[in-house]
Amino acid sequence: MKPTGFYETERALSEYLLFHYGSARQVLPWAFGPVEALDFPLRCVTTCLDANRLPATARALDLGCAVGRSTFELARHCAEVIGLDHSLRFIEVARQLQTHGSFPFFYAEEGQIRLPATATVPPEIDRHRVAFEPGDAQALRPTLGRFDVVLVANLLDRLREPRRCLDALPELLNAGGQLIITTPCTWLEEYTPPALWLGGYLDQEKPVTTLDTLRRLLEPHFDLSRTLDLPFLIREHARKYQWSVAQATVWRRR
Ligand SMILES: C[S@@+](CC[C@H](N)C(=O)[O-])C[C@H]1O[C@@H](n2cnc3c(N)ncnc32)[C@H](O)[C@@H]1O
């Protein structure tokens, strides 16, 4: 289990820098393995966003941005992007990446053996379009304004009250705006009391899935455009990985 506070640790920082910015060879130094699960933060944008439908002045919000790779990728298409995360350490490093374009770190090879690497923002991305701020996706500051894109990647099952985040979404999106939600539906008591899970439980013996609940809560305000399965790979060390399949849903604000 990843206890509360995990996302403030140096281990989490190292894993997420590699997850967001590591090369294929650094993440998966094998001649075999699930290569289609690489580059998840990049694919959240390239696979899910309909860039042709964005206004020139588009604003985007990346909720639970971690160390910011998707936030930067959104800046290829949007004039202003806010990356927001609860982890002060992640936001501190995302800001370093925004300012300098790179950040040196070490990642785990085996035990105490760690390899040096440098996280680098693709140089063609205009980093001035991006701002990172600490915050709670369950209690967003009311002055955030409205957005043309909101990305909620692998956040919901790490919140204590995911419904509070979902309840805020209709007010965050402009009409026609794109909402991209991905979740591996890994509901854990350590993060979310079971009574507040969005799915993965029985209601009078009927299975309730996360997608069932997302539809029930979002369809009054959004049209569901697409559902996709997005694999992702988090390296713990050279010989141990978390391979997961996020369920992505893409919604359009009415
Ligand atoms: C599983 S990670 C996903 C990060 C990133 N979106 C990705 O796909 O790589 C969950 C992220 O949510 C952040 N987080 C946890 N609780 C949060 C909250 N209440 N508000 C905002 N971010 C939160 C964590 O710090 C972490 O960066």
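**Helices, sheet and ligand**

Mentor: Keeping in mind that this is a predicted model, let us begin with helix α7 (residues 210-218), which lies across β7 (173-183), β10 and β11 and runs at about 25° to β11.

Trainee: And what does helix α1 lie across?

Mentor: Helix α1 (residues 10-21) lies across β10 and β11 (240-253), and its direction is at about 115° to β10.

Trainee: OK, so in what order do the strands of the sheet come?

Mentor: The sheet is open and has seven strands, in the order β5-β2-β1-β6-β7-β11-β10, with mixed pairing. Because β5 (130-134) and β10 (222-237) stand at the edges, each with a single partner strand, one side of each is left without a neighbour in the sheet. From one strand to the next, the twist averages 15°.

Trainee: How many bridges join β1 to β6?

Mentor: Strand β1 (residues 59-63) and strand β6 (residues 147-153) run parallel and are joined by four bridges; Ala60, for instance, has Val149 in β6 as its bridge partner.

Trainee: Switching to the ligand, which residues are closest?

Mentor: The ligand is surrounded by 19 residues, of which the closest are His20, Gly64, Asp85, Ala137 and Ala153.

Trainee: Which atoms of His20, Gly64 and Ala137 are involved there?

Mentor: For His20, a polar side-chain atom lies 2.8 Å from an oxygen atom of the ligand. With Gly64, a polar backbone atom is 2.7 Å from a nitrogen atom of the ligand, while a backbone N or O atom of Ala137 lies 2.8 Å from a ligand nitrogen atom.

Trainee: How much of the ligand's accessible area does the protein cover?

Mentor: On its own the ligand has 590 Å² of accessible area, and the protein covers 93% of that.

Methods:
Residues numbered from 1 in each chain as written. Predicted model: local features only at pLDDT ≥ 70, side-chain atom pairs only at ≥ 80, totals over all residues. Heavy atoms only, no water. Pairing = 2+ DSSP bridges. Helix = DSSP H or I, 4+ residues; strand = E, 2+ residues; numbered from the N terminus. Axes fitted to C-alpha atoms, helices over the stretch in contact; angles between N-to-C directions. Contact = heavy atoms within 4.5 Å. Near = heavy atom within 4 Å. Polar contact = N/O pair within 3.5 Å; in protein donor to acceptor, adjacent residues only side chain to side chain. Areas by Shrake-Rupley, 256 points an atom, 1.4 Å probe, with all protein chains shown as cover.
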